[in-house]
Every structure is written in C-alpha cells, then in structure tokens.
Amino acid sequence: MHIPNRMQLTGKINFAGDCYGTNSTLRVGRGSLLLKGQYDVSAEAYQAKVVSRGFPLYVFLPKDSLSALTASVQATGRGLDFLQTGSRLKAKGTIQRFSYGHIHLDSMRFDALLRGGHAVANVIAQNRMLAANTNLTADILKRRVNATVKGTMEKLNLVYLTNGKDSTVLMAELNVKGTVAPGAKSFGASGELKNINIITSTMGYPADDVLFGFKTSTDSTQGYLKSGDLEARLHSNKPVEQIAERLTKFADQLTKQLQAAHFDDKALARYLPN
C-alpha cells in the first residue's frame, strides 16, 4: 500500500464516556471520503455513514487496476458478532461508479436487514457487464447459518470479463440453499441453474438446466453436478482447500463446454480431484 504525500483530513472526533463519534472528510486530489458515525462501546451500538466521491483508490494501491470510487453506505445496528441472535443490523448502499481493470462494477445497490437471527438482503446490478437481481434469506441458530439465494441474471456480458476476447452473453436463474458452520469449518450447498440461455455473436440457444451439490468438512469433500446427459460426482478425503486448484480447472473446462453446447464427461473427469 502506498500513502500519498498530499492528503487533507478535516472534521471532528468526539468522546463521551464509552461513546465515540466522528464527522470527518479525507480529501485526496479531487476525491473525498466522508465518514460520519457513532459507536457506544458498552452497548456495542453503532451508526455510520460513508460517502465516497471520486475517491482515488488507485493512489493507495497503484499496483492494482482500481478506478476512482463513487459510492455510499449507511448502517445502524447493535452487536458485532452477527452469529449471535441478539445482533441487529440495517444497512443499504450503492456503487455509482467503480471498475477493477476492465470489469465494471458500477450501478449496483444493496439492502440488508438482520434481526432476531433472521437476515434478508437484496442486491441489484444494472451495468454494461451485468444485469441481475439477487435475494438472500438466512436463519442463524446455534452459530449455524442456513441460507437461500435466489437470483435472476438477465445479462452477463463476458466481453468485460475476458477483456474483449469473448462476446458471449449468458442468461440464467439461480436457486441455491446452503448451510455454513464457521466454527466447525464445514459448509454445504445445493441448487440449480435453470432457464439458461447462451447468446454468441452468430446465434443464441438454450442450455439444459444444471443441478449441483457440494459439502465439505475438515476430513472430506463431496459434490455432484448433473446437466442433460452429463453426470459427475466427486468424493475426497481432503478438505476443499486442498482440492480447490483442480476444482477451478474443472469449472473452467465446464464453462468452455457450456459455451460450446457440447458436454464431454470423460474430458471433465480428468479435472476432478482424486
């Protein structure tokens, strides 16, 4: 990380017993970052507002391909351990303008609410690369999270992910249910991709629905994938961290076969972990 020579910090910081607050603005060049909030240590209660206007992240991380950031986030809540059922959170945010290299992440917004061990969130993206609407619901019980994610992807333009090498556009609907137990280092998920449509520069065609499942713990990993005539199953006595590299290669190969609308299960099998 690089610290620029010219920065200006203005505002106020206040202390009153266990309560701390600030209303400060950091300016770098023509960009600014506003931080306004309060925190009660004894009650673990907080409220915060962060507003970035053309803030030059690339100045701090010159080796990364980050653009200036224009975004805002507001949050109020109580409790810093979100796995505790007594914690509460209400948050919303928007990203008006931001990109990482050639990947555009602008025109995105989210809302989130956590109360009584139940969480709901909505994320909407509407930019040149991605048009999608995703909803998440989760229940927390005894530090275990059971979550459901449902989303509609109206457009994923691969030209922005491949730096112009692939102009394919993907469309799909996603439905996933999963369980996470952070303390036990175990998690699992199952779901489906349906109403898949693939649009290339010369044609468009539907693809078979994809069913999948996955679970891992400290001593085993299991998974399956089924689409049309393709069926693949995975079992290993190793945790997912140790087989992630081969799973990545498997996913890359599967993506290529989806784009070509041709499945070769023997070719896919070569990329599966032992």
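The model is a predicted one, where local features need pLDDT of at least 70, side-chain atom pairs count only at pLDDT 80 or more, and totals for chains, interfaces and linings take in all residues. Residues are numbered from 1 along each chain as its sequence is written, and side-chain values rest on heavy atoms, with hydrogens and water left out.

Asparagine 195 sits in strand β14, and its phi is near 50°, a positive value in a residue other than glycine. Most residues other than glycine have a negative phi. Asparagine 163 also has a positive phi, this one near 55°. Its place is in the loop between β12 and β13 (169-181), and at 53% relative accessibility asparagine 163 counts as exposed. Asparagine 157, by contrast, counts as buried because its relative accessibility is 16%. It belongs to strand β12 (residues 144-157). Beyond its neighbours within four places in sequence, asparagine 157 is in contact (heavy atoms within 4.5 Å) with Arg128, Met129, Ser167, Thr168 and Val169.

Stepping back to the whole chain, the secondary structure comes to 3 helices and 18 strands; these are DSSP runs numbered from the N terminus, with helices being H or I of at least four residues and strands being E of at least two. The C-alpha atoms fill a box of roughly 65 × 45 × 30 Å along the principal axes. Of the 274 residues, 33% count as buried. Among contacts with a separation of 6 or more, 34% come from residues 24 or more positions apart. The chain exposes about 17,200 Å², and carbon and sulfur atoms supply 54% of that, with areas taken from the Shrake-Rupley method with a 1.4 Å probe.

What about the inside? In soluble globular proteins, nonpolar side chains tend to be buried together. A nonpolar core here is a set of buried Ala, Val, Leu, Ile, Met, Phe, Trp, Tyr and Cys residues joined through side-chain atoms within 4.5 Å. The largest one has 12 residues, including Ala172, Ile196, Tyr205, Phe250 and Leu254. Two or more of its residues come from each of β14 (186-199), β15 (204-207), β18 (230-236) and α2 (240-260). Leucine 254 touches Leu225, Leu230, Phe263 and Leu268, residues up to four places away in sequence not being counted. There is also a second, separate core of 7 residues, with Leu83, Ala119, Val145 and Ala147 among them.

Serine 32 is another buried residue, at 14% relative accessibility. It lies in strand β3 (residues 31-40). Setting aside neighbours within four places in sequence, serine 32 is in contact with Thr25, Leu26, Arg27, Val51, Ser52, Arg53 and Phe55.

As for charges, side chains of opposite charge can pair when their charged atoms come close. A salt bridge is a side-chain nitrogen of Lys or Arg within 4 Å of a carboxyl oxygen of Asp or Glu, and the count comes to 1. Arginine 233 pairs with glutamate 231, the closest N and O atoms being 3.2 Å apart. Arginine 233 counts as exposed at 60% relative accessibility, while glutamate 231 counts as partly exposed at 44%.

Conventions: Buried < 20%, exposed > 50% of the residue type's maximum accessible area, 1.4 Å probe, protein only.
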